[in-house]
Amino acid sequence: MWNTVENLELSTSFDAMAFSKEHLRDIESSLTIWLAMRRPPEEIRDKLDLGYTIKGQDIFLEEIRPVFKKPGEIGRYPFAKVKYEKTSELWKIYWMRGNLKWYAYDPKPVVDKLELALEEIMMDTHHCFFG
């Protein structure tokens, strides 16, 4: 499924086992609000933008920018992962280190609402997501 925010295609994939249609609608609504608050100014979005991808129970927040040394290609680079744990109904927050592996975000690795996870990522008190 493709989602469009201000003419920018944001890729999302939907796994019926992970989220109900209602839950997915709520998730996409929360992500749209988060993007509206966090995206860079419109005049530089062709050089740097933000988006998300949903795969199974994982939400990847991504930088969208031209590929280094291939400016005609656009790359998507995940910087945060929020994983929904269905059995506990909790959201786990991860950040990607320089070794390209995901690590639990120590200041607050688990929250009970997606909005709280997005807020924690936005605050970025340890500068793991936005440097």
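## A tour from Asp 46 to the chain ends

Begin by selecting Asp 46 and Lys 47, whose side chains form a salt bridge with an N to O distance of 3.9 Å, where a salt bridge is a side-chain nitrogen of Lys or Arg within 4 Å of a carboxyl oxygen of Asp or Glu. Asp 46 and Lys 47 are both exposed, a class that covers residues over 50% relative accessible area, while buried stands for under 20% and partly exposed for what lies in between (1.4 Å probe, protein chains only).

Before going further, bear in mind that this is a predicted model, in which local features need pLDDT of at least 70 and side-chain atom pairs count only at pLDDT 80 or more, while totals for chains, interfaces and linings use all residues. Residues are numbered from 1 along each chain as its sequence is written, and side-chain values use heavy atoms, with hydrogens and water left out.

**The whole chain**

Followed from the N terminus, the order of elements is β-β-α-β-β-β-β-β-β-α. Of the 131 residues in the chain, 40% are buried. A contact is counted when heavy atoms lie within 4.5 Å, and among contacts with a separation of 6 or more, 39% are between residues 24 or more positions apart.

**Two further salt bridges**

The structure holds seven salt bridges, and one of them is found by selecting Arg 39 and Asp 49, whose side chains meet at 2.5 Å, N to O. Arg 39 sits in the loop between α1 (21–38) and β3 (49–55), and Asp 49 belongs to strand β3, so this pair ties together parts that are ten residues apart in sequence. Asp 49 is buried, at 1% relative accessibility, and Arg 39 also counts as buried, at 11%.

Select next Glu 63 and Arg 65, which form a salt bridge whose closest N and O atoms are 2.8 Å apart. Here Arg 65 is partly exposed, with a relative accessible area of 28%, and Glu 63 is partly exposed at 27%.

Move to Glu 62, which is part of strand β4 (residues 58–67). Is Glu 62 buried or exposed? With 7% relative accessibility, Glu 62 counts as buried. Its side chain makes a polar contact of 2.8 Å with that of Arg 76, a polar contact being a pair of N or O atoms within 3.5 Å; within protein, one must be able to donate a hydrogen and the other to accept it, and residues adjacent in sequence count only if both atoms are side-chain atoms. When neighbours within four places in sequence are left aside, the residues in contact with Glu 62 include Asp 49, Tyr 52, Arg 76, Tyr 77 and Phe 79.

Lys 69 lies in the loop between β4 and β5 (70–85), and its phi, near 65°, is positive although the residue is not a glycine. Lys 69 counts as exposed, at 71% relative accessibility.

Turn to α1 and select its buried residues, which are Leu 24, Ile 27, Glu 28, Ser 30, Leu 31, Trp 34 and Leu 35. They cover an arc of only 160° around the axis, which puts them on the same side of α1; the arc is that of the directions from the helix axis to the C-beta atoms. On the face turned away from that buried side you will find the exposed residues Arg 25, Ile 33, Ala 36 and Met 37.

In α2 (114–123), the buried residues are Leu 114, Ala 117, Leu 118, Glu 120 and Ile 121. Viewed down the axis of α2, these fall within an arc of 160°, so they line one face of the helix. Their cover includes α1, β4, β5, β6 (90–96) and β8.

After α2 comes Asp 124, with a positive phi near 45°. Asp 124 is buried, at 4% relative accessible area.

**Where to read with caution**

Finally, colour by pLDDT, which is the predictor's confidence in each residue, from 0 to 100. The chain has a mean pLDDT of 87, with 87% of its residues at 70 or more. The pLDDT is below 50 over residues 1–16, a stretch that has 45 contacts in the model beyond near neighbours in sequence. Where pLDDT is low, the predicted coordinates should not be read in detail.

Definitions and conventions. Helix = DSSP H or I, 4+ residues; strand = E, 2+ residues; numbered from the N terminus.
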